[in-house]
4 protein chains.
Amino acid sequence: MTHKIAILGASGYTGAELVRLIATHPSMEIVALSADRKAGMEMAEVYPQLRHLDLPRLVTMDEIDFDQVDLCFAALPHGLSQALVRDLPERVKVVDLGADFRLADPDDYTKWYGNAHEATELQKTAVYGLTEFNRDRIRDARLVAGTGCNAATVQFALRPLIEEGLIDLDRIICDLKNGVSGAGRSLKENMLFAERSTDVQGYAQGGKHRHLGEFDQEFSRIAGRKVEIMFTPHLVPVNRGILADCYVEGDPKAIHNALVARYEAEPFIEVLPFGQAPGMGHVMGSNFCHIGVIGDRVPGRALVVSTLDNLCKGSSGQAMQNANLMLGEDETTGLMLAPVFP
Amino acid sequence: MTHKIAILGASGYTGAELVRLIATHPSMEIVALSADRKAGMEMAEVYPQLRHLDLPRLVTMDEIDFDQVDLCFAALPHGLSQALVRDLPERVKVVDLGADFRLADPDDYTKWYGNAHEATELQKTAVYGLTEFNRDRIRDARLVAGTGCNAATVQFALRPLIEEGLIDLDRIICDLKNGVSGAGRSLKENMLFAERSTDVQGYAQGGKHRHLGEFDQEFSRIAGRKVEIMFTPHLVPVNRGILADCYVEGDPKAIHNALVARYEAEPFIEVLPFGQAPGMGHVMGSNFCHIGVIGDRVPGRALVVSTLDNLCKGSSGQAMQNANLMLGEDETTGLMLAPVFP
Amino acid sequence: MTHKIAILGASGYTGAELVRLIATHPSMEIVALSADRKAGMEMAEVYPQLRHLDLPRLVTMDEIDFDQVDLCFAALPHGLSQALVRDLPERVKVVDLGADFRLADPDDYTKWYGNAHEATELQKTAVYGLTEFNRDRIRDARLVAGTGCNAATVQFALRPLIEEGLIDLDRIICDLKNGVSGAGRSLKENMLFAERSTDVQGYAQGGKHRHLGEFDQEFSRIAGRKVEIMFTPHLVPVNRGILADCYVEGDPKAIHNALVARYEAEPFIEVLPFGQAPGMGHVMGSNFCHIGVIGDRVPGRALVVSTLDNLCKGSSGQAMQNANLMLGEDETTGLMLAPVFP
Amino acid sequence: MTHKIAILGASGYTGAELVRLIATHPSMEIVALSADRKAGMEMAEVYPQLRHLDLPRLVTMDEIDFDQVDLCFAALPHGLSQALVRDLPERVKVVDLGADFRLADPDDYTKWYGNAHEATELQKTAVYGLTEFNRDRIRDARLVAGTGCNAATVQFALRPLIEEGLIDLDRIICDLKNGVSGAGRSLKENMLFAERSTDVQGYAQGGKHRHLGEFDQEFSRIAGRKVEIMFTPHLVPVNRGILADCYVEGDPKAIHNALVARYEAEPFIEVLPFGQAPGMGHVMGSNFCHIGVIGDRVPGRALVVSTLDNLCKGSSGQAMQNANLMLGEDETTGLMLAPVFP
């Protein structure tokens, strides 16, 4: 059986990544692609690398006949998914790649995103899309909220440690190195090649990054108390990938054991032998997440390093993994593409 | 039916690319991986991005039981395939990714590679592996000689034009921009990141590049007279990809028409609308080749631009395409991966 | 004596490069910096790398008191210099880095830039700023028109050959590899890091690039007949640099001899030994131009390779060299900075 | 007066950087350049970007007449400076860019570098070359030990804070992003362009990096107790630059104030306004160090970010700054080159 898929926001990087993944997915068919400003264009004009595919022309969202759609990926700018999903036919399943339904509490949403939520009823029903930790609920969900790409990378490293009480909750420092595609395709001076290619720079330091809303929500809930990590993302001159260095206080071997045990059966999470750390380039173009643990020379201090491809496992690959579950497919279908290297 | 595959020279980039492609190929199984200097290591140590795969440990070629092998990919340094293939059991099919069997004439081989050929009988039987032009012979071959990556890129642009007599054979200038992975994984000072990352530099200019042996052989044979193109490759700071600018004298529209007609039915060759040229980034990680034709302001001058991923369509993807044919599989099996972008 | 300098368009890359050069120039003082959209900002906000310098705040052009200015560098978008220079006090010398005064013939200007020239009297008096070929006229000029960066790179390679009748004028093909800073700091989707970093792509192929106006003007004048070169620029993922491969028909040794003789006394032009070609990375951050000549395997075909830093020797360095002459300074003052490598 | 300079190890990146700096230094003359494996070559063959300079041919160290040398820069592999400096004429001043004399205690040296020190008497007299903190002793020194590049970057951020007791000494975490030139020009597989260009990877994590010897020595001495920071360097795909994120516990405003006060009169250290952080690209090619302080959302947590060019301020620029002092020149002579951007 072939599932009929619509991608909203198909002209952005996560939209194009979804098309790439569906191109070799055996049971999904793209029936609609939307893009507000580029409506009317062929996808091959917007993304020449998809030229070999037979794809529908880009349209506005209004032009889509959602009765023909089984599942809809929404890769829209923050804020646009709320009213949209609210107004879709109930039978259309939705995987939202944006931030609109990540935070369960309307006040949290307003705190981090500035505006009131427009679909608070839906917000309550949305399932947080970190597949490896919400698999059963995702299977039955109508609406899944994809996680932030930073949020996914760090949670894979830290959730099992917080669940098992292995680290000091007041001293978690996460220093991330981020490929630039996470900033999307919008035009900003600091995203020009000439500005980025010989630079590394932090941003949203000091607790201003919106993904902290997710960290606070998830880690505090798991810990049963307020947890506020210190978090610094950095732009590095790479297209894809996030490498998270998580500095924690706890026993390194116990930490490693907990991660190995937790992810042993997971198809997409690879825990390295103790003392080894992954590189960002080890997962490019794939849905895999590699995690390593290193003990410091000073006992009780550990470094947990986690890496994934922000466009794939951090966003569109995660979305596909969730869509597979929601549609009754095997979770890994179309997602076993090996990383591209070099 | 699953075909049993051996990869010789698996620790090089083309070897790793073969593993990547086989990872999602439905009917190939890797039974042996060889690597001289790295024998004994796990593939995950040599290529951490392949960590999720269950692969045999690297061994020396001597340790391989070729009775268990249906087809062998030889991704060895120039010169090493000759004796090896000669001594293999006749039933083992071979796709050679190196240069040992590309030139049919032993004198040509010696002219360009310096040494006498060690398997001149085999050399006569090897089929030149430019799939789109030798499909039928490849299907029945025991030994297929993969083309040079530059040779493939330029031939896709020019073969139909020479076959149809559309261009001046004495005035063909090919200026290539080459991703650095074409130089392989060997240690050379000029291949260090710090040397390459802000540089673009030509090499082997003036007629010294060995791929000219292939150009001379193929173009002269097709034209029925001596053809000697002018050819300059350049290292550009990109991992994968070749972009070939071919400057020719002829009618641009007729050239475009000939390419469109020739490649209409080809699954991997995309000819762009007249007046458009592809970018190297449009094919990364894929088996596609994009070709464009642009007419100059001066009538009778044309630019034909061709691009492909040197590790895939220019080498390992081509090898896989040929192996599919040799094994009776559909030619495109496992090769429809969409390019990775950005 | 200290010369009082104004830089118009200081927020662009060529403007910033002028500031960099003046920072260690012993006899220039910046008295005004203009930037339309960024007027009111400190230069350190616009270019944090200039933070250590004591610079005037950015203003609009109207706010500048030109009575306090000896020489004005105009690094403005095409079209804006014409009225501006016309209305400046006659005693203010002007080096224009834009295209407004490069073409002596108003019709040529209109043909390539689309609009009528607004200062045709001035246009007649402007001296074409290719220093090494117009040194005496530049010394006495009030208005010097900086050349296009591509135009400079190719002219250094070819002017002596055309002057001496050493090459076939109907068969000149120039294939250029261009660092992205040549496109300036304006916001275009194809200039984003994620779009450029793994791509090489030609643009304005087929005779559409505006620098052809300069080539046609200069080469035709020198040759005494119409000369129309074939010219293809390409974006490569490098910030600075142009590498020009010029394919010509002529005797390679004679070509090399002519270039050696012509540039022997030039402080900024280095001709390599016969058979060697320069790399783009050999001149980064400097005012040097490196040129090499290679003979092809087919007699009578030659490759002349020329490289310079588009922001320096191709633009702001050239402007400074001309300003030095106009102000009675030694031509090399402040310009002997060695290239940065790696 | 012109000082006669020898550079030992001139074929490495720091050696070439010294030549670049001396090229525009008004009172230094290079009289000898040594390079073991490349002795006999012209510098222009080894570094084509220095082609315009009139430099002595590379020789072995034995061939140098040290009686003609005033000051010698030793940019040698670790271990080679010890015997060399011991055997030089006493009147030759030495700036050692390697690690041989950084650690005052022979046991510390052996602990971090594995072998016994061969010149322990000299080791006692060497002055640690962090100019801004040892200026007076450097002025009178015969032998100055250049700091590690990481060690310099982090010490600029943290020394004033430790001196003034502003931060928790048991909770200092330094996460560094390092341009690859820090690894030098030696041939390693993981330094190839294809391996590095799309990767970010930590190394020597967990307390194994040799620069920790310097941190432990300096910070413990200043604090009057044992201080062991947590330190993780990372390779990022950039040629030059180190960006250090230092996570500390203390009052952010007090920290900022201390840094502003400490560096107010320093010509090469720029402290940004509170709440701003520098980027690695802001200092490329220069001798400047930019430092920023950001307070976290949780009171008492601060991020101090420091950046410099590892080849310049982190190594050869620092060496030149020290040589200026040792030779009685103004400390900034030849070092006011503005950073190159883009």
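# Exercises on a predicted four-chain model

At 27% relative accessibility, Glu189(B) counts as partly exposed. The model is predicted, and the exercises below start from this residue.

**Exercise 1.** Find the salt-bridge partner of Glu189(B) and state where the two residues lie.

Solution. 
- Step 1. The partner is Arg185(D), with the closest N and O atoms 3.6 Å apart.
- Step 2. Arg185(D) lies in the loop between β8 (173-178) and α8 (193-196) of chain D, and Glu189(B) lies in the loop between β8 and α8 of chain B, so the pair joins two chains.
- Step 3. Arg185(D) has a relative accessible area of 11% and is therefore buried, the cut-off being under 20%.
- Step 4. A salt bridge also links Arg185(B) with Glu189(D), and its closest N and O atoms are 3.6 Å apart.

**Exercise 2.** Describe the interface of chain B and chain D by its area, its residues and its polar pairs.

Solution. 
- Step 1. The two chains bury about 1800 Å² between them, and 57% of this is on carbon and sulfur atoms.
- Step 2. Leu187(B), Leu192(B) and Phe193(B) supply 38% of the area that chain B buries against chain D, more than any other three residues.
- Step 3. Chain B gives 19 residues to the contact and chain D gives 19 residues.
- Step 4. The interface has six salt bridges and twelve residue pairs in polar contact.
- Step 5. On the side of chain B that touches chain D, helix α8 (residues 193-196) of chain B provides the largest share, four residues.
- Step 6. That side of chain B divides into nine nonpolar, four polar and six charged residues.

**Exercise 3.** Decide whether Asp245(B) and Lys177(B), which form a salt bridge, are buried or exposed.

Solution. 
- Step 1. The side chains meet at 2.7 Å, N to O.
- Step 2. Asp245(B) is in strand β11 (residues 242-249) and Lys177(B) in strand β8 (residues 173-179) of chain B, 68 residues apart.
- Step 3. Asp245(B) has a relative accessible area of 1%, so this residue is buried.
- Step 4. Lys177(B) has a relative accessible area of 0%, so this residue is buried too.

**Exercise 4.** Locate the residues with the most contacts inside the largest nonpolar core.

Solution. 
- Step 1. This core has 196 residues, and those with the most contacts inside it are Phe73(A), Phe73(B), Phe73(C) and Phe73(D).
- Step 2. Leaving out residues up to four places away in sequence, Phe73(B) touches residues including Ile5(B), Leu18(B), Val95(B) and Met320(B).

Terms used
Residues are numbered from 1 along each chain as its sequence is written. Chains are lettered from A and ligands numbered from 1 in the order in which they are written. This is a predicted model: local features need pLDDT of at least 70, side-chain atom pairs count only at pLDDT 80 or more; totals for chains, interfaces and linings use all residues. Side-chain values use heavy atoms; hydrogens and water are left out. Contact means heavy atoms within 4.5 Å. Buried area is the accessible area (1.4 Å probe) that two parts lose on being put together, summed over both. A salt bridge is a side-chain nitrogen of Lys or Arg within 4 Å of a carboxyl oxygen of Asp or Glu. A polar contact is a pair of N or O atoms within 3.5 Å; within protein, one must be able to donate a hydrogen and the other to accept it, and residues adjacent in sequence count only if both atoms are side-chain atoms. Ala, Val, Leu, Ile, Met, Phe, Trp, Tyr, Cys and Pro count as nonpolar, Asp, Glu, Lys and Arg as charged, and the others, Gly among them, as polar. A nonpolar core is a set of buried Ala, Val, Leu, Ile, Met, Phe, Trp, Tyr and Cys residues joined through side-chain atoms within 4.5 Å. Buried means under 20% relative accessible area, exposed over 50%, partly exposed in between (1.4 Å probe, protein chains only).
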